[in-house]
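Work through the exercises below with the sequence and structure at hand. Try each task before reading its solution.

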Amino acid sequence: MSLSPTEKTVPGCSECGEPAVIYQQANRRYLCARHLVHEVEERVASTIRSEDLILPGDRIAVALSGGKDSTALLVILSRIFRTLPGATLVAVTVDEGITGYRTDTIRAAETLTKNLGIEHHTISFRDLIGDDLDTLLSDREKQACTICGILRKKAVSLIAEKVNATVIATGHNLDDEAQSVLMNALRGDLPRIIRKTETRSPTAFLPRIKPLASISEKEISVYLFVQGLFPHLPECPYASHSLRSEVRSLLSGLEIKHPGTMQNLIESKKSIEQSCSGMPVQGLLVHCKKCGDPCSGDICQFCRIRASLGK
Ligand code: SF4
Ligand code: ZN
């Protein structure tokens, strides 16, 4: 990949011969900016169509952090919207309360939704649980991403329900998906590897869809960069504590040495899903004894975390 091509060294686009901005290892071709943008948007549209991720009349709550993945998701959905009859888009942002990080990303989310003319709502951890993440963590910084992830999921569900959304769209990309497969395997959590979040059921959570699941992080970065949309924002100060951060470094290194590693992990997940289809391995959904939300045990993760935080 080259982001600042020089005419002498940059190969031509496999489609049109213009200077390439990316090399796609999987299909061994180079793409220029125009063909990359077109191809990424087509692949997202195709994922949505082939997996019936969005139905006519859906009100889609896009979980918009302001970072690159959710920025790309909102931009792409706003562009391919003409192919989604009767559906409407609304962006929802969670303010976790992280000093030196969230102010900039929230401002980026506000600017983006204003430019795209998309309705935007925010919810904070303070609204949800009475405190900012910084305060909640005090001496448990190592658990930051676990606590933050569970609270954020709940916050997104609440705000999505409040704005009458019928489905939640998140910016998880191919790299995130591969990381999740490996993380769940490392934790010995088979049910979570194959848990389907996009299933529509009146007794479960709002369905969660991942339209960018076939797009790599590199493709998303270049897609935004060549259009002047890449958000240059600070990294969350807690990110380095997470298992995901270690798995991300590991997989990035493996992908360079052994191209296709991430895609192979996704294929493994699909094979496991097929092998387990029809088996009761995914666990029956019951309702949390404290809050009534659907969950797979007695008490949901949110209520467990809330209790451990003394809330
Ligand atoms: Fe939350 Fe961790 Fe993401 Fe920071 S890196 S926003 S703590 S999940
Ligand atoms: Zn609960």
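Predicted model: local features only at pLDDT ≥ 70, side-chain atom pairs only at ≥ 80, totals over all residues.

**Exercise 1: Asp58**

Task: decide whether Asp58 is buried or exposed, then state what its side chain reaches.

Solution. 
- Step 1. Asp58 sits in the loop between helix 1 (33-50) and strand 3.
- Step 2. Read its accessibility. The value is 4%, so Asp58 counts as buried.
- Step 3. Follow the side chain to the backbone. The side chain of Asp58 reaches the backbone nitrogen of Leu55 at 2.8 Å.
- Step 4. Follow it to another side chain. Asp58 and Thr166 are joined by a side-chain polar contact of 2.6 Å.
- Step 5. Link back to the first exercise. Thr166 is also among the residues in contact with Arg59.

**Exercise 2: The zinc ion**

Task: name the residues that coordinate the zinc ion (ligand 2), and explain why the arrangement is tetrahedral.

Solution. 
- Step 1. List the donors. They are the SG atoms of Cys288, Cys291, Cys300 and Cys303, at 2.2 to 2.4 Å.
- Step 2. Inspect the angles. The four donor atoms subtend 105 to 115° around the zinc ion (ligand 2). Tetrahedral requires all angles to lie between 85 and 135 degrees, so the arrangement is tetrahedral.
- Step 3. Compare with the ideal. Four tetrahedral donors ideally give angles of 109.5 degrees.
- Step 4. Read the spacing in sequence. The donor residues follow C-x2-C-x8-C-x2-C.
- Step 5. See what is tied together. Cys291 is in the loop between strand 8 (286-287) and strand 9 (294-295), while Cys303 is in helix 12 (residues 301-308), so this pair ties together parts 12 residues apart in sequence.
- Step 6. Look at accessibility. Cys291 is partly exposed, at 31% relative accessible area. Cys303 is buried, at 2%.

**Exercise 3: The shell around ligand 1**

Task: which residues surround ligand 1, and which helix gives the largest share of the shell?

Solution. 
- Step 1. List the shell. Ligand 1 is surrounded by Ile98, Leu133, Cys145, Cys148, Arg152, Cys236, Tyr238 and Ala239.
- Step 2. Sort by class. The shell has seven nonpolar residues, no polar ones and one charged.
- Step 3. Assign the elements. Helix 6 (residues 144-162) gives the largest share, three residues.

**Exercise 4: Positive phi**

Task: where are Arg28 and Ser138 found?

Solution. 
- Step 1. Take Arg28. Its phi is near 50°, a positive value in a residue other than glycine. Arg28 is in the loop between strand 1 (22-24) and strand 2 (29-31). At 66% relative accessibility, Arg28 counts as exposed.
- Step 2. Take Ser138. Its phi is positive, about 35°, although Ser138 is not a glycine. Ser138 is in the loop between helix 5 (133-137) and helix 6.

Conventions
Residues numbered from 1 in each chain as written. Chains lettered and ligands numbered in written order. Heavy atoms only, no water. Donors = N, O, S within 2.8 Å, 3.2 Å for Na, K, Ca; no water. Tetrahedral: all angles 85-135°; square planar, octahedral: opposite > 155°, others 65-115°. Helix = DSSP H or I, 4+ residues; strand = E, 2+ residues; numbered from the N terminus. Buried < 20%, exposed > 50% of the residue type's maximum accessible area, 1.4 Å probe, protein only. Near = heavy atom within 4 Å. Nonpolar A, V, L, I, M, F, W, Y, C, P; charged D, E, K, R; others polar. Contact = heavy atoms within 4.5 Å. Polar contact = N/O pair within 3.5 Å; in protein donor to acceptor, adjacent residues only side chain to side chain. Lists of a residue's contacts leave out its neighbours within four places in sequence.
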